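User: I'd like to learn how to read a few features off a protein model. Can you walk me through them one at a time?

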Amino acid sequence: AGWEGSGQGVFLKIAAGLAAPTQGDLHLASQAMTGKDHRSFLAWGVGYLPSGRLDEGLMPHLSMTEHVALKTPGSPFFIRWPKSARAAQEKIADFRIVGRPDTTVETLSGGNQQRLMLSFLPSSPKLLLLENPTRGLDLESAAWVWNHLLSFNRRGAAIVFSSSELDEILAVADRILVFFVGRIIADLTADQSDSQQLGRAIAGNV
C-alpha cells in the first residue's frame with residue numbers, strides 16, 4: 001500500500017528481476033537471486049503483472065494471436081500461425097475474453113486486456129507479483145480476476161500485489177507493507193487493521 005510512486009512499484013520490479021537493487025541481497029525462498037536476469041526469475045516460477053496494460057503488458061497494434069506467438073517458446077525464425085491462432089482461441093475461451101484471435105489488443109476493453117495479460121501468467125507459479133491487478137475494472141471483472149488469482153494461492157503460490165484501493169487490500173491481503181517516500185514504514189496484518197489506520201500510515205503518520 002502507498003501513494004503512487006512511493007516505492008511499491010520498484011519493490012515489485014526488483015522482486016521480478018526487472019530492476020536491480022542498489023544494495024543488499026535478494027532471495028526467493030532459499031534461492032539466491034541477486035544479479036540474476038528476468039528469465040531466471042521466470043524459470044524459478046515468478047509471474048509479473050504490470051500496471052500499465054498497453055505501456056508494459058501488451059503491445060498496441062498486435063493481435064492476440066501475435067501476442068501468443070511472441071510468448072510461445074520456439075524458433076525465432078519460424079512461427080506456426082495456425083497453432084498460435086488456436087492457442088489464442090483457447091485463451092479467449094478459458095479467460096472469457098470478448099474478442100477474436102485477430103483482434104488487436106488496443107481495441108479490447110480494459111477488463112479484456114487484463115484477462116489477456118492474466119492468461120500469460122505461469123500455469124504453476126511459486127510467486128505472483130501484481131501491480132494494481134483490478135485498476136479500472138468493474139466489480140464483476142474485478143471479482144473474476146481475484147477468483148482466478150486466488151486459485152493459484154490455494155495451490156501454494158504466494159501473491160504480492162499493490163493497489164490504490166484500500167478496501168481491496170483489506171479484503172484480500174493477509175499482510176500489508178505500507179510504503180512512504182521509498183521506504184516501508186509499517187508492517188500490518190489485515191485482520192487487525194482498518195481503512196482509517198491504513199490511510200494514516202499511507203500519509204506517513206505511524
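This is a predicted model: local features need pLDDT of at least 70, side-chain atom pairs count only at pLDDT 80 or more; totals for chains, interfaces and linings use all residues.

User: Where does S6 lie, and what does S6 touch beyond its neighbours up to four places away in sequence?

Analyst: S6 sits in the segment before helix 1, which spans 8–15. Leaving out residues up to four places away in sequence, S6 touches F179, F180, V181, G182 and R183.

User: Next, salt bridges. How many does the structure hold?

Analyst: The general idea is a side-chain nitrogen of Lys or Arg within 4 Å of a carboxyl oxygen of Asp or Glu. This structure holds five. One of them joins R100 and D102, with the closest N and O atoms 3.1 Å apart. Both of those residues are exposed.

User: Which residues are linked in a network of salt bridges?

Analyst: K13, E56 and E131. Take K13 and E56 to begin with: their closest N and O atoms are 3.5 Å apart. K13 belongs to helix 1 and E56 to helix 3 (residues 53–57), so this pair ties together parts that are 43 residues apart in sequence.

User: And what about the pair of E131 and K13?

Analyst: That salt bridge has its closest N and O atoms 3.1 Å apart. Since E131 lies in strand 4 and K13 in helix 1, the pair ties together parts that are 118 residues apart in sequence. The side chains of E131 and K13 also make a polar contact, at 3.1 Å.

User: Is E131 buried or exposed?

Analyst: Buried, because its relative accessibility is 9%. K13 is partly exposed, with a relative accessible area of 23%, and E56 counts as partly exposed at 46% relative accessibility.

User: What surrounds E131, not counting residues up to four places away in sequence?

Analyst: E131 is placed in strand 4, residues 127–131. Its contacts, with that exclusion, are G9, L12, K13, Y48, L49, P50, S51 and S162.

User: Now the nonpolar cores. Which residues touch the most other members in the largest one?

Analyst: Here you look for buried nonpolar residues joined through side-chain atoms within 4.5 Å. The largest core has 37 residues, and L116, L118, L149, I176, V178 and L198 touch the most other members. Elements giving two or more residues to this core include helix 5 (81–94), helix 6 (110–119), strand 4, strand 6 (175–180) and helix 9 (195–202). Helix 7 supplies the largest share, six residues.

User: Let's zoom in on L118. What is L118 in contact with, leaving aside neighbours within four places in sequence?

Analyst: L118 is in contact with L49, F95, W144, V145, H148 and L149.

Terms used
Residues are numbered from 1 along each chain as its sequence is written. Side-chain values use heavy atoms; hydrogens and water are left out. Buried means under 20% relative accessible area, exposed over 50%, partly exposed in between (1.4 Å probe, protein chains only). A polar contact is a pair of N or O atoms within 3.5 Å; within protein, one must be able to donate a hydrogen and the other to accept it, and residues adjacent in sequence count only if both atoms are side-chain atoms. Contact means heavy atoms within 4.5 Å.
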